[in-house]
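Please look over the sequence and the three-dimensional structure below before reading on.

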Amino acid sequence: MKKLILLLIPTIIIMFGIGMFFGVGPLESPKKQITYEAKEITIQVEGIEETLIHHPYVIPKDGNKSGFVIYVDESRYMVVDNPDAFTIMPMPAAEGAGLAQECYILISQVSGIKPKDVAKMEKTVLITQFDTVTEPVKSSKQTDGIDGYMIHASTGTNWDSPLMTTYFTDNGQGGTFVIKKALFLEAEEGHGSRFTHMLRTFEVI
């Protein structure tokens, strides 16, 4: 037995050396695959507490575009995913979905530009579309739904006046996720609250 151990020692040392030479550690193992499952999320909407099942949507990394996961309330909202943008919008039967003004979350990416710089660029576009546009300010996941920067834009004070909050957050690859939350004034406490709770589940992967 001792002879066998002595014979194996040189082999182990050689294999260890080869592995280190090629940058592979002797105890290296495959990365653990993360799985996402539906979960209950408790939210406050117009002063009423609700606990709803939210389902994960996992968008994988694609070249210089980072992947992300977001949980969606499928009882009220539908998802449209295409190469340029990921959109969450009310189901046709959902409350307020038939109104002329659109309500949606739209997620896209800008490569190679940091969030603060993208926010400055986006403001120049928003001022051509809305009467009132704020300066980019810091945003937080707990308060606003997303960590990064945000701009508020609005036009008018009627029940159907359009509102838009645009968030800018780092995509982890030197670029920016641009996340638009579009509403009309009367939907701010309904769809607006639900959107904010869904945005809190957004995570770059």
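This is a predicted model: local features need pLDDT of at least 70, side-chain atom pairs count only at pLDDT 80 or more; totals for chains, interfaces and linings use all residues.

Residues are numbered from 1 along each chain as its sequence is written, and side-chain values use heavy atoms, with hydrogens and water left out. Helices (H or I, at least four residues) and strands (E, at least two) are DSSP runs, numbered from the N terminus.

**Residue T176**

- T176 belongs to strand β11, which covers residues 176–184, and it is buried, with a relative accessible area of 0%; buried means under 20% relative accessible area, exposed over 50% and partly exposed in between, using a 1.4 Å probe and protein chains only.
- Apart from neighbours within four places in sequence, T176 is in contact (heavy atoms within 4.5 Å) with S108, Q109, V110, I113, K114, P115, V118, F168, T169 and N171.
- Although T176 and P115 are 61 residues apart along the chain, their C-alpha atoms are separated by 5.3 Å.
- The side chain of T176 also reaches the backbone oxygen of I113, at 2.6 Å.

- Four strands form an open sheet with antiparallel pairing, in the order β1-β2-β3-β12, and its edge strands are β1 (39–45) and β12 (203–204), each of which pairs on one side only.
- Two strands count as paired if DSSP finds at least two bridges between them; strand β3 (residues 68–72) and β12 pair in the antiparallel sense over two bridges, and F68 stands opposite V204 in β12.
- Helix α4 lies across β1, β2 (48–59) and β3, running at about 140 degrees to β1, where axes are lines fitted to C-alpha atoms, for helices over the stretch in contact, and angles run from 0 to 180 degrees between N-to-C directions.
- Helix α4 (residues 191–199) is mostly covered, since nine of its nine residues are buried, among them H191, R194 and F195.

**Strand β5 and its partners**

- Strand β5 (residues 86–90) is mostly covered as well, with four of its five residues buried.
- On one side, strand β4 (residues 77–81) and β5 pair in the antiparallel sense over five bridges, with I88 in β5 as the bridge partner of V79, and β4 and β5 form a hairpin with four residues between them.
- β5 also pairs in the antiparallel sense with strand β6 (residues 104–110), over three bridges, and T87 stands opposite L106 in β6.

Note on methods: A polar contact is a pair of N or O atoms within 3.5 Å; within protein, one must be able to donate a hydrogen and the other to accept it, and residues adjacent in sequence count only if both atoms are side-chain atoms.
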